[in-house]
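Work through the exercises below with the model open. Each task is followed by its solution.

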Amino acid sequence: QTQDVAILVPGKLHPHAVERIESRFRLVRIERADPALLTDAMKAKVRGIASSTVIDAGFIDALPKLEIIANFGVGYDAVDAAHAGKKDVMVTNTPDVLTEEVADTALGLLLNAVRELARAENYLRAGKWRSEGPYPLTKGSLRGRSVGIFGMGRIGRAIARRIEAFGLPVSYHNRRPVDDVNYAYYPTLISLAEAVDTLISVAPGGGATEKAVNAQVLKALGPNGVFVNIGRGSTVDEDALAEALANGGILAAGLDVFADEPNVPQALLDCENATLLPHVGSASVVTRQAMADLVVDNLIAWFEEGKPVTPVRETEHVQARR
Ligand code: 8YV
């Protein structure tokens with residue numbers, strides 16, 4: 001009977017998710033999540049949203065029959081989940097299925113930032129190995145580093161396990177200490193940054209983390225400092241980061257995420273000691289397929305059993321309406 005349930009997909013969504021929604025539900029598509037694009041029929045019928053775009057309070061309010069928003073991605077800062085919770089609208093995300101992939105990417109970023117692997121490859125491809133001799137020795141090394149992780153959730157733990165395997169000590173900052181890890185906890189980001197020379201941010205976006213990695217934090221990392229961001233660009237003061245990279249305030253950075261994607265500040269593009277990736281943390285065929293499946297599994301579980309697979313914290317209290 002889910003065939004009659006209208007699911008709205010605003011903007012682009014992974015094709016596998018779209019296909020599965022189409023086979024189980026009544027698929028409704030609009031170009032973007034803009035209330036002006038909603039017809040009266042949509043307002044009367046839409047009970048679910050599947051999306052990887054901004055879903056704000058105004059859009060939620062424009063759909064009176066809305067019961068669930070299934071977000072494509074573990075980070076759901078694009079969805080106003082607090083507002084959804086108040087309106088008794090369930091929000092789900094896609095944890096677990098991308099954890100190891102994102103942690104792998106984080107380690108790749110770290111290694112590349114420190115050992116200049118992409119630049120060394122460009123050197124070879126430009127014929128300079130033959131014409132100029134060996135690539136210059138890298139100033140950076142992973143050896144002897146001490147790594148701080150900002151955000152000790154599922155992905156933070158997966159990164160920490162990898163760092164341990166690399167033989168480096170791990171410590172962390174999180175909203176609160178987590179009981180099932182033995183790494184040293186720092187109650188503030190600045191105290192963590194003072195204690196380490198390598199900071200990996202996996203912190204979620206949103207008001208509480210806005211520009212948390214600021215000039216002061218980067219200064220605390222010091223001239224040998226390395227900063228890696230696999231979480232959200234909004235957590236970084238990008239001007240301060242570009243300045244620290246340009247002026248030797250820190251040694252290098254590896255960034256997969258930016259405050260205003262896909263726009264990367266020119267000041268960061270100008271920094272040769274920054275490794276810049278176009279938000280590819282989870283972007284393999286296998287992992288994106290698993291994320292797409294989880295988006296649709298959440299919708300099916302909600303409409304068939306009244307309980308989604310992976311509700312977000314802000315909407316855990318929301319009950320099915322039947
Ligand atoms: C998303 C991500 O897939 O999961 C997240 O939080 O950032 C990515 O894995 C990306 O936002 C795709 O829209």
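Helices (H or I, at least four residues) and strands (E, at least two) are DSSP runs, numbered from the N terminus. Residues are numbered from 1 along each chain as its sequence is written. The model is predicted: local features need pLDDT of at least 70, side-chain atom pairs count only at pLDDT 80 or more, and totals for chains, interfaces and linings use all residues.

**Exercise 1.** Locate L13 and decide whether L13 is buried or exposed, or in between.

Solution. Step one: L13 sits in the loop that joins β1 (6-10) to α1 (15-24). Step two: a residue is buried if 20 or more other C-beta atoms, placed from the backbone, lie within 10 Å of its own, exposed if 12 or fewer, and partly exposed in between. L13 is partly exposed because it has 19 C-beta neighbours inside 10 Å. Step three: contact requires C-beta atoms, placed from the backbone, within 7 Å. Leaving out residues up to four places away in sequence, L13 touches V18, A50, S51, S52 and F72. Step four: A292 is 279 residues from L13 along the chain, yet their C-alpha atoms are separated by 8.5 Å.

**Exercise 2.** Repeat the analysis for C271: which loop holds C271?

Solution. C271 lies in the loop between α12 (266-269) and β12 (274-276). C271 counts as partly exposed because 19 C-beta neighbours fall inside 10 Å. Apart from residues up to four places away in sequence, C271 touches A242, L245 and A246.

**Exercise 3.** List the residues around the ligand and sort them by class.

Solution. The residues are S52, F72, G73, V74, G75, L98, G281 and S282. For the classes, Ala, Val, Leu, Ile, Met, Phe, Trp, Tyr, Cys and Pro count as nonpolar, Asp, Glu, Lys and Arg as charged, and the others, Gly among them, as polar. The shell has 3 nonpolar, 5 polar and no charged residues. S52 and F72 belong to this shell and are also touched by L13.

**Exercise 4.** Describe how the chain is divided into domains.

Solution. By an automatic or database assignment, domain 1 covers 2-95 + 285-315 and domain 2 covers 99-276. Their centres, taken over C-alpha atoms, are 33 Å apart. At the boundary, 4 residues of domain 1 contact 6 residues of domain 2. The domain 1 side comprises 1 nonpolar, 2 polar and 1 charged.

Notes
Contact = placed C-beta atoms within 7 Å. Near = placed C-beta within 6 Å.
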